[in-house]
Amino acid sequence: MTTDDLIALSPLITIAAASVALMLAIAFYRDARVALVCALIGIALAFAMLPVAASRAPRQITPLLILDQYALFYLGLLFIASFVVALLADGYLDKLGGELEEFYLVLLLATVGGAALVMSAHFASFFLGLEILSVSLYVLIAYPRRSARGVEAGIKYLILAATSAAFLLFGMALIYAELGTMEFGRMASGMAGVDVRRELLLAGQAMIFVGVGFKLAVAPFHVWAPDVYEGAPAPVTAFIATVSKGAVFALLVRYFANLGDEVFQSFFPALAAIAIASMFVGNLLALAQTNVKRILAYSSIAHLGYLLVAFLAGGSLGATAVAFYLVAYFVTNLIAFGVVAVLSGRREADELEDYHGLFWRRPWLATIFLTALLSLGGIPLTAGFMGKFYILMAGVGSALWLLAIIMAVNTMISFYYYLRVAFMMFRDAPEGEAAPGGPPPSLSFMGAGALAVLTLLLVWIGVYPGPLVQTIRSMVAGLR
């Protein structure tokens, strides 16, 4: 380990050191606001170290980790999302009461796991990062321990995550037994050997994708998502939908980019079937929901199906479409779950009826939520529209006509349940009746500010995506 290696690792070291420092601070002085400030400073310092680390990129840091433009881009995206989640959690946790300091500690640890994933170049760092992320999520999901729904969601996630980890480890073991390496970069050359038993390799790759598919909640590995989204605190749900899934998908793109076209083509039919199933399952089941968080859970399943279309398109255009769509997906979901968080009081504001007449009670908040819903549906002048446009370009460019048509059909299906929530917000409340769910709770200044900035960013990306596209293209060019 050289000085240059330490400089390249500085973002990861900084966020890990921030979690240790916060743990020690909590041991001596318990104050939720101090813990929040420490967490925000730690994330901000890690983000500030990205330009420093970029001066050493690209760099292989031991066989386990790699720092290149691809990793730097996703590290920045994860740090920004974690920062926003911490801001949203501030007002939300105050309404719950109880001991709140450890929430920010576990949030930092989960961010460490996600950061390790996007830098992974080896099965060991892959599994270590995934487990740090998963174990942290067990705690975050069930953090309101007096909430029966939260504890139930945490237990469900724990059991299914453990099962998926078993598949993942067994798949890694099969590949290592056959190739004798766990480094992504050396697997392609090992698979080209004439004496390799390809059936074992395919079985191993399939088991790895089962484990990854669970984390992404693509069909048929999606059954945990609606219950966990509903039971987890709204800021935690935002973290799962963005940081957790984004880190895993970024790893998936890097992993298959190293394996070569032969393995990719072997899995193409199965991945295409999963993409189609995810789009239809997510959108059709969302039609019957009356809980906003469950609607967004099924919506996220469909959106991962859209991402798989770009992933299957392959090449630089496919990787560009994946990165752009993930940025749009991050911003949009942070806004959507952020609105749920700021509206929640002692009870989660997740039923459709809680949004009845919201525009007449909180016009600016309803407008922000409407913007997020329109982006999720892919309406022009939003980031979601440009994201879907780039995915369709990638799909058509690779002659994936069936997947592109199915994606367009599912986008139209999704309009129904997005607009259903929007119509509820603009309905007049019955005269003389109290607002559903009681009087609107007071809003956190930091949470409100975060939502305002994200909404401006959502529209800006939809209107003027050029700078982001150029950044992504330069990042994709260095993917290895």
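Mentor: Start at A399, placed in the loop between α18 and α19, the latter spanning residues 401-426. Keep in mind that this is a predicted model. A399 is not a glycine, yet its phi is positive, about 60°. Is A399 buried, partly exposed or exposed? Its relative accessible area is 49%, so A399 is partly exposed. The exposed class needs over 50%.

A217 lies in the loop between α10 and α11. Its relative accessible area is 0%, so A217 is buried. P220 is located in the loop between α10 and α11. The peptide bond that joins A219 to P220 is cis, with omega about 5°.

Now go back to α18. Two packed helices are described by the angle between their axes and the distance between the axes. Helix α18 covers residues 383-397, and its axis comes within 9 Å of that of helix α15, residues 315-343, with a crossing at roughly 165°. That angle makes the two helices, α15 and α18, roughly antiparallel. The crossing of α15 past α18 is left-handed. Which residues of α15 meet α18? They are L317, G318, A321, F324, Y325 and A328. On the α18 side the contact takes in A383, G384, M386, G387, K388, Y390, I391, M393 and A394. By class, this contact of α15 with α18 has 11 nonpolar, 3 polar and 1 charged residues.

Helix α15 has another partner to look at, α21. The α21 helix runs over residues 466-477. Its axis and that of α15 are 9 Å apart, at an angle of about 130°. So α15 and α21 are oblique to each other. This time α15 passes in a right-handed crossing. From α15, the residues S316, A319, T320, A323, F324 and V327 take part. From α21, they meet L468, V469, I472, R473, M475 and V476. The contact divides into 9 nonpolar, 2 polar and 1 charged residues. F324 of α15 is listed in the contact with α18 and also in the contact with α21.

Next, the charged pairs. How many salt bridges does the model have? The count comes to 15. One of them joins the side chains of R294 and D227, with N to O at 2.9 Å. That pair links distant parts of the chain: R294 belongs to helix α14, residues 292-313, and D227 to helix α11, residues 224-231, 67 residues apart. R294 has a relative accessible area of 17% and is buried. D227, at 27%, is partly exposed.

E178 and R197 form another salt bridge, at 3.0 Å from N to O. This pair too links distant parts of the chain, 19 residues apart. E178 sits in helix α8, residues 148-179, while R197 is in the loop between α9 (184-191) and α10 (198-216). E178 is buried, at 15% relative accessible area. R197 is partly exposed, at 47%.

A further salt bridge joins E183 and R186, with N to O at 3.4 Å. E183 is partly exposed, at 22% relative accessibility. R186 is partly exposed as well, with 48%.

Finish with L133, a residue of helix α7, residues 123-141. Its relative accessible area is 0%, so L133 is buried. What does L133 touch, setting aside neighbours within four places in sequence? Its contacts are A110, G113, G114, L117, F239 and S244. G114 stands 19 residues from L133 along the chain, and the C-alpha atoms of the two are 6.1 Å apart.

How values were computed
Residues numbered from 1 in each chain as written. Predicted model: local features only at pLDDT ≥ 70, side-chain atom pairs only at ≥ 80, totals over all residues. Heavy atoms only, no water. Salt bridge = Lys/Arg side-chain N within 4 Å of Asp/Glu carboxyl O. Helix = DSSP H or I, 4+ residues; strand = E, 2+ residues; numbered from the N terminus. Buried < 20%, exposed > 50% of the residue type's maximum accessible area, 1.4 Å probe, protein only. Axes fitted to C-alpha atoms, helices over the stretch in contact; angles between N-to-C directions. Parallel < 35°, antiparallel > 145°, perpendicular 65-115°, else oblique. Left-handed = near helix turned anticlockwise from the far one by under 90°. Contact = heavy atoms within 4.5 Å. Nonpolar A, V, L, I, M, F, W, Y, C, P; charged D, E, K, R; others polar.
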